[in-house]
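Open the model in your viewer and keep the selection panel at hand.

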Amino acid sequence: MASGMKIWFVLLTTILVNFRPFLVVVKGEPQVPCLFILGDSLFDNGNNNNLITTAKANYPPYGIDFPDGPTGRFTNGKNSADFLAELLGFDKFIEPFATVEGVEIFRGVNYASGAAGIRDESGIHLGDRISLNRQLRNHKVTISHLSTLLGNKTLTMDYLSKCIYIVGMGNNDYINNYLMPQFYPSSHLYKPEKFATILMQQYSKQLKTLYRYGARKVAVFGVGSLGCIPAELALYGTKDTICVDSINSAVQKFADKFKPMIDDFNNNLPNANFIYINLTSIAIGNPAEIGLTNLAEPCCEISSVIDKGQCRHGGGACSDRASHYFWDGFHPTEIPNKVTAIRAYTALLPTDAYPFDISHLAASTLALNKLGQSGAELM
């Protein structure tokens, strides 16, 4: 164990002893002290449950294969954030911001929210959702609590610099914004290239805010091939192609801007370790090799109201879930979620992660005398 990790292990043990009601017995030690998660419904594990929105998944058949049943995860079992927590050595899932208490925040917090986007207005037609800007404000609240428990802002920044952050945003800025001209003006105002540029400029500013809040090890998940999801196929249809090519073309313009952004951060932000997880690359391969033979049809019975694409409340679900790629009209089943996490953690192809994968991000060590305090601030 590195000396820096020993210091934090002793410090956290001391804090846990003083807060015995929250004490959790840990078997082994995670590769990093904490994991923070920001994102949309692909990572959400309950933050939308008490919001006034149709973008929630705390009802059957969601969670049909999850030990605790429907929890707010938009899939039948675990999502990719759950699997990543396991791969990083955490003995339990990271708690959602909506319910996390006490010293549990030292393990990290999940801020992700279904229908949330980089742009504040994305997903508003579905109701309330916690946009990335709001998630950053929630993280600021967490930092304040950490600082109170540690009694020192410098120690707090030191601690946060050792954590891993996973961020996955942008899907809803297309699905629930740019691709819905009946609700949002963005596609009328901007051509695909211009929208992608504006969106990445805003995203870059938000990720720099996360850096200013102390984040140094950040895995940024890209957007997937949105023209291939069942909800878009049902809405737009295809001619002689498997996916809606016009959608994938528009989204790819945004995806192409991730690697230059990552390079800019790592070259210009002191002690920054940002990586890019390429979901399009991870989707490449032969799904049949892992038993996925149905690549277009949702497994659950789909709702017919405003949240069409999500599972119907109390509706049925297919029995052959292990063969379905999609759980509902938007989200994968547990098996693709697991594959995504495994390949994000240990890249199978050179294109899966850039410049390296999450396992290397976890292993990277920042010099103790150069923890990026020059760029960090408590706001």
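Colour the chain by secondary structure: there are 13 helices and 5 strands, taken as DSSP runs numbered from the N terminus (helices H or I, at least four residues; strands E, at least two). This is a predicted model, in which local features need pLDDT of at least 70 and side-chain atom pairs count only at pLDDT 80 or more, while totals for chains, interfaces and linings use all residues. Residues are numbered from 1 along each chain as its sequence is written, and side-chain values use heavy atoms, with hydrogens and water left out.

Next, select residues 132-150, helix α3. Its 19 residues reach 26 Å from first C-alpha to last, close to the 27 Å expected at 1.5 Å a residue; the expected span is 1.5 Å times one less than the number of residues. Show the side chains of its buried residues, among them Leu132, Leu136, His139, Ile143 and Leu150. Then step to glycine 151, which follows α3 and has a positive phi, near 75°.

Now select α7 (residues 192-212) and α9 (residues 245-255), whose axes come within 8 Å and cross at roughly 40°. Axes are lines fitted to C-alpha atoms over the stretch in contact, with angles from 0 to 180 degrees between N-to-C directions. Which residues make the contact? On α7 they are Pro192, Glu193, Ala196, Leu199, Met200 and Tyr203, and on α9 Ala250, Lys253 and Phe254, where contact means heavy atoms within 4.5 Å.

Methods. Buried < 20%, exposed > 50% of the residue type's maximum accessible area, 1.4 Å probe, protein only.
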